[in-house]
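Subject: Structure handover

Hello,

Here is the structure for you to look through. My notes on it follow below.

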Amino acid sequence: MVLLLLWIPILQKVFTIVKEKPLSGAITTIEQPGCLLKYCITGEYQDKMDEYLKSSFGFRNSLIRLNNQKMYSFFNLAKAKNVVVGKENFLYEEPYITSYFGQNFVGEEVVEKNIKKMVRVKEYLKSKGKDIIFVIAPGKASFFPEYIPEKYNKLDKKKTNYEAYLDAFKKNNINYIDFREWFLANKEKSKYPLYPKCGIHWSKYGEYLAADSLIKYIEKLRNIDLPELVLDSLVISKKSLFEDSDIEYGMNLMFEIPTFSMAYPYTRIIENKNNIKTLVVGDSYYWGLYNRGLSQKIFDKGEFWYYNKEIFSSLIEGSTYIEKIDLKKTVEENDLFIMFFSEMNLINFDYGFSNLLYIHLFTSGDEKQKNRFEFYIESIKNSPEWMQQIKKQAEELKMPLEEVIRENAIFMVNKEKDV
C-alpha cells in the first residue's frame, strides 16, 4: 500500500489521471534542465533537476491547496504574500493596513519636495493649455477598518501619506479627486457594496461609479462634453466575480470563502467628437477603467503608464517601457495628465512621473544627467520585475546588488544620449 501511494504522484505526472485546477497568482514555472555537459561538471544538473521535480510532481497543485486550506481553516492564516485574514474572514494586504495607521509615512520634507516639483509642472502645463489631475483611490483598510485584526489596532495611528498629500493638494491648488473620502461618505448609503470581502480593489460597482465621476470631473474642468459612459445592465451575483475575489484567488484554497452579494455593471461608451488626449499614470486601480474603454474611447487612444514603467495602449501591441519613448513628444501630444494611485501607493507619490517631467522641463546639462541617474535608481528599486532581473544579474556576475543597480542606471542614462 505504501509503495502504491508513492507511485500515485508519478502516475499522475506521466498520465494526468485527474485534471487539476491550476494555481493562481505569481507562480514561477521551472523548466526541466537539459543534460548539458557543463551542468554535469559543475554539479548544477542535480540541483536544477531537484528544483524542477519539486515544482512539477503529480497532484502538487491539489496538495498545495489542501495545505493552504488547513492553514486558513485552523489557524486563520493565508499562505500568500502580504495577505492578512481579518475579522469575519475579511481579507487584506498588509501594506494597506500599515498605510492606514501611518506606519510608512515618508515625512513632511519628502512631501514638500514632491509637491514643489508638481506645482512647477502644473504651472507649465497650464501655460500650454494642459491640465494635471491627481486621483486618490481608497484602500481597503481605510474603508473597512472595523475588520482589521486586533493585533494591528495596538499600533499608534500616525499621520499618513494620504493626509499629508491631501493637505498639500489643497494648499497648492492642485486638481485632485479624493475617492477615499467619497467612498467612506457613501459606505452606508450605497445600494450595492463598494468594496468586496475577498478582494483588494474597489468593487466593480464602485469602479463604475468612479469612472462616471472622473468623466464628469474632467468635463467640468475642461468645459467639454465627453463621450458618455452608459449603464446597460446591472447583474446581482451571490458570489464574487472577476477581480472581486483577487486576494482569495491568490490564496489557492480548496473551498470558496462565503461572502455577500455583489453588483456587476455592464457598460458601453457612446462616442462623440469631443474626446481628449489623455495620459494616465497609475497603479492597478486604473485597470478596470482602462478595460471599460476610458483610455481608448474617451481619452482619445491615450496611453496608460503602469507604475510609470510599462506602457499600455490600443496603439501598441502588448506593451513597451517609458525608457523607449520621446518625452517631449508625449508632453506635446497630451492635453490632460492623470495620476491615478491608491492611498497605499502614495508612499511613492506618483512613482516619479512629476519628477520626470520636472527634470525634462526645468533642468539641463550635467544637472539633468544627475537627476536622470537618480530617477533610474529610484525606478529600478520601485519596480519588482526590474529589481528581480537585476538581482539575478548580480548573482550571475557575483557583484554587490547596489553596484549592479548603479551600472544599470548609468547604462539607461547613456542610452538616452544615444537616442
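Is Phe-15 buried or exposed? Phe-15 is exposed, as its relative accessible area is 59% (buried means under 20%, exposed over 50%, partly exposed in between, with a 1.4 Å probe and protein chains only).

This is a predicted model, in which local features need pLDDT of at least 70, side-chain atom pairs count only at pLDDT 80 or more, and totals for chains, interfaces and linings use all residues. Residues are numbered from 1 along each chain as its sequence is written, and side-chain values use heavy atoms, with hydrogens and water left out.

Surface patches

Phe-15 lies in helix 1, residues 2-15 (helices are DSSP runs of H or I with at least four residues, strands are runs of E with at least two, and both are numbered from the N terminus). Phe-15 also belongs to a nonpolar surface patch of about 1100 Å², whose members include Val-2, Trp-7 and Val-18.

Glu-44, Asp-47, Asp-50 and Glu-51 form a negative patch. Glu-51 sits in helix 3, residues 44-54, and is partly exposed at 47%.

Seven strands make an open sheet with mixed pairing, in the order 4-3-11-7-8-9-10. Strand 4 (175-178) and strand 10 (320-321) are the edges, each pairing on one side only (two strands pair if DSSP finds at least two bridges between them). Strand 10 runs antiparallel to strand 9 (residues 310-312), over two bridges. Tyr-321 in strand 10 is the bridge partner of Glu-310.

Regards

Key: Patch = residues over 30% accessible without salt bridge, like charges linked within 9 Å, V, L, I, M, F, W, Y side chains within 5 Å. Areas by Shrake-Rupley, 256 points an atom, 1.4 Å probe, with all protein chains shown as cover. Salt bridge = Lys/Arg side-chain N within 4 Å of Asp/Glu carboxyl O. Lys, Arg positive; Asp, Glu negative; His and termini not counted. Charge placed at Lys NZ, Arg CZ, Asp CG, Glu CD.
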